[in-house]
Amino acid sequence: MSKDLKRILIESTLNKTIKDAKESPRRTLRNLIDMGLIFSKGQHQKDFLNSARALLQNEDSQYYKLAEDIFFHVNENFLFRFGINLGYNGCVKGADRIREKEREKEISIPWSLSIIIDDEKLKKQPQIYQKIIEEGMGLGIYVYRLFLIGGDPERVIGLMERYPDCAFAVFLEHTVITDRFIRRMTELGIALTSVCADEKTENICRKFREAGLLFAVCCRYQEREKERLLSEQWFAEVTRYSPHFVFLYPDASCSSQARNEIYRRILEERRNQKQPFLCMDLIRDFCEIDQMISAHTSILGFHRDGSPWTYNAMKFPENYNIFEESLEEILKKTAL
């Protein structure tokens, strides 16, 4: 089956699935997993989808409530575009290109890239970030996580608009989220929006929901917060925001023991299916996804100053910088 024909088939199936979802969201969710099994190639992907299908044998699973929330409240055009970019471009077309480029260039290529945006640099030199994404797409990377701490989030929209075939997750912290930003994100339709939990979160999430956005709440935790995050109460409290996803990730100062304990708690929460959202570790779970695509367990990202980092915290020489070198050159020097 040619790639173009495969895309047409996936688009047709996804479009019908979204339209049928309001009549039977439970059956639709199961059908989506079955469709994923049909088009998945790697054993890791099949194992993941089979595990998801097994979870849904629980008729009381809160993931059914999550599916109903997504199908009834997220904009249909948004679901279709984001679904195609993530599911087809990211996991089928992109995955094929990643494996091809890995063989051709003898390098390891991550499924997604994380980029901490420097707002001033994006304002004055947007081509720097455009170059990273364009080089990534050339290697088969269609999924990007963009982090903005402070600054103008609408500038990030301007960056994403240039790449309508990519799927983005935008993580915002200490930024002003306006009605205009929310409207533009809905129109863009290719990015999940994540905000940090604070006193403004409930009102912002309500607006996201009214606009038909797919959204998440993110929490960067420190060692002293471990006991709070391990409690049932914390997970129950997050439900007041009605997020589709909850992302947790550790501060750099956190011990390995704290990280492991909280990750085990995340896995337990997913197995128990008590909350109507999907909880994920922003590093370790994406590392698992990367392994499903390219069989290389790692996450590659870039700090605000352009220096690289990986999940295994490998050390780079001081002159390694994505603003000065190509993505391929950095991958050649990186044992992912």
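The model is predicted, with local features needing pLDDT of at least 70 and side-chain atom pairs counting only at pLDDT 80 or more, while totals for chains, interfaces and linings use all residues. Residues are numbered from 1 along each chain as its sequence is written, and side-chain values use heavy atoms, with hydrogens and water left out.

Let us start with R184, which sits in helix α9, residues 179–188. Helices here are DSSP runs of H or I with at least four residues, strands are runs of E with at least two, and both are numbered from the N terminus. R184 has a relative accessible area of 17%, so it counts as buried (under 20% relative accessible area; exposed is over 50%, and partly exposed lies in between, with a 1.4 Å probe and protein chains only). What does the side chain of R184 make a polar contact with? Its partner is the side chain of E161, at 3.2 Å. A polar contact is a pair of N or O atoms within 3.5 Å; within protein, one must be able to donate a hydrogen and the other to accept it, and residues adjacent in sequence count only if both atoms are side-chain atoms. Setting aside neighbours within four places in sequence, R184 is in contact (heavy atoms within 4.5 Å) with E154, I157, G158 and E161.

Now to the aromatic rings. A pair of them is described by the distance of the centres and the angle of the planes. Rings of Phe, Tyr and Trp (its six-membered ring) pair if their centres lie within 6.5 Å; planes under 30 degrees apart are stacked, over 60 edge-to-face, and the rest tilted. The count by this rule is nine aromatic pairs. F245 and F247 form a stacked pair because their ring centres are 5.9 Å apart and their planes are at 5 degrees. F245 is buried at 18% relative accessibility, and F247 is buried at 4%. R145 lies over the face of F286, 4.2 Å from the ring centre; the rule asks for NZ of Lys or CZ of Arg within 6 Å of the ring centre and within 35 degrees of the ring normal.

Finally, look at two loops. E106, between α5 (76–105) and β1 (112–117), has a positive phi near 55 degrees without being a glycine. Q273, in the loop between α13 (256–272) and β7 (278–281), is likewise not a glycine and has a positive phi of about 55 degrees. Which is buried and which is exposed? E106 is exposed at 72% relative accessibility, whereas Q273 is buried at 6%.
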